[in-house]
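Student: I have a model open and want to learn how its features get their names. Can we go through them together?

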Amino acid sequence: MPLNFTAIDFETANSSSASACSVGLVKVVDGRVVDRVSWFIRPPAGHDYFNEWNTRIHGIVESDVAGALLWSEQLTDLVDFVDGDHLVAHNAGFDMGVINGGCAASFVETPSFAYACSLQIARKTYNLDSYKLPVAAMAAGFEDFAHHDALADAEACAAIIVHAAKRHEAVDLEHLVTITGTKLGRIGAVLAA
């Protein structure tokens with residue numbers, strides 16, 4: 001199956017979309033996970049306070065990111081890992097908002113990405129009481145993961161897309177988006193195209 005994409009998930013320090021403090025990335029080639037990576041991010045000044053509510057959810061505190069690179073210093077690493085893939089995220093609007101917010105707050109250009117939302121695809125694939133990541137992941141056969149760990153969440157998202165593609169007999173991500181009646185969104189300079 002030529003199903004190629006990179007699943008992405010962010011955790012944020014507070015309610016600001018520019019406050020990414022962790023990212024997880026999972027590369028899928030031909031429907032199989034071939035690489036995974038995660039790292040801490042030091043949010044830009046003005047977006048770098050840790051809200052107690054967010055910390056309670058993901059467990060990340062200010063001292064965890066104190067030695068991490070800033071968003072602007074590691075954006076190239078993120079873009080290099082994605083390497084031209086379409087992105088996939090669960091509730092993708094949030095994660096794409098983090099990319100836009102981090103770039104805006106850091107005064108760097110937002111990279112161009114096309115993306116799909118595993119939450120929307122799950123809604124068109126499964127009949128569930130809830131489509132939250134752990135429930136949708138369980139429907140895809142991916143269970144018992146550390147929810148709100150960015151890498152684990154990206155792995156769960158990837159599992160949903162791979163399972164949904166098999167279930168719908170989709171040949172690639174674009175085909176899956178078409179079959180499910182969802183859409184491929186775009187951020188960055190591709191918006192002008």
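Tutor: This is a predicted model. Start with the second largest pocket: β3 (32-40) and α7 (150-168) each supply at least two residues of its lining.

Student: What makes α7 stand out in the lining of the second largest pocket?

Tutor: The largest share, 6 residues, comes from α7. The pocket has a volume of about 170 Å³. Of the 13 residues that line the second largest pocket, the closest to its centre include Phe142 and Val162.

Student: How do you know which classes line the second largest pocket?

Tutor: Sort the residues. The lining has 7 nonpolar, 2 polar and 4 charged residues. Val, Ala and Phe count as nonpolar, and Val33, Ala158 and Ala159 are among those closest to the centre.

Student: Phe142 also belongs to an aromatic pair with Phe145. Why is that pair called tilted?

Tutor: Check the distance, then the angle. The ring centres are 5.5 Å apart, and the limit for a pair is 6.5 Å. The planes stand at 45 degrees. Stacked needs under 30 degrees and edge-to-face needs over 60, so the rest is tilted. The pair of Phe142 and Phe145 is therefore tilted.

Student: Why are Phe142 and Phe145 put in separate accessibility classes?

Tutor: Buried means under 20% relative accessible area, and exposed means over 50%. Phe145 has 18%, so Phe145 is buried. Phe142 has 22%, so Phe142 is partly exposed.

Student: How many aromatic pairs does a search of the whole structure find?

Tutor: The search finds 2. One of them joins Phe10 and Trp71, with 5.7 Å centre to centre and 45 degrees between the planes.

Student: What makes you say that the pair of Phe10 and Trp71 links distant parts of the chain?

Tutor: Look at the places. Phe10 is in strand β1 (residues 5-12), and Trp71 is in helix α3 (residues 71-82). They are 61 residues apart.

Student: Are Phe10 and Trp71 buried or exposed?

Tutor: Phe10 has a relative accessible area of 2%, and Trp71 has 3%. Both values are under 20%, so both residues are buried.

Student: Where does Phe10 lie in relation to the largest pocket?

Tutor: Phe10 is one of the lining residues closest to the centre of the largest pocket, a group that also includes Asp9 and His148. β1 gives the most to this lining, with 4 residues. The pocket has a volume of about 330 Å³.

Student: Why is Lys27 said to lie over the face of Phe81?

Tutor: Lys27 is 5.6 Å from the ring centre. The limit is 6 Å, and the angle to the ring normal must be within 35 degrees. Lys27 counts as lying over the face of Phe81.

Student: What makes the phi of Asp30 worth a look?

Tutor: Phi of Asp30 is near 55 degrees, a positive value in a residue other than glycine. Asp30 sits in the loop between β2 (20-29) and β3. With 44% relative accessible area, between 20% and 50%, Asp30 is partly exposed.

Student: How do you know that Phe107 is exposed?

Tutor: Phe107 has 78% relative accessibility, and that is over 50%, so Phe107 is exposed. Phe107 lies in the loop between α4 and β5 (113-117). Phi of Phe107 is positive too, near 60 degrees.

Notes:
Residues are numbered from 1 along each chain as its sequence is written. This is a predicted model: local features need pLDDT of at least 70, side-chain atom pairs count only at pLDDT 80 or more; totals for chains, interfaces and linings use all residues. Side-chain values use heavy atoms; hydrogens and water are left out. Rings of Phe, Tyr and Trp (its six-membered ring) pair if their centres lie within 6.5 Å; planes under 30 degrees apart count as stacked, over 60 as edge-to-face and the rest as tilted. Buried means under 20% relative accessible area, exposed over 50%, partly exposed in between (1.4 Å probe, protein chains only). On a 1 Å grid over the protein atoms alone, a cavity is a set of points where a 1.4 Å probe fits but cannot get out, and a pocket is an open set with protein on both sides within 12 Å along at least five of seven lines; lining residues have an atom within 4 Å of a point. Grid points are joined across faces, edges and corners, and a volume is the space filled by probe spheres set on the points.
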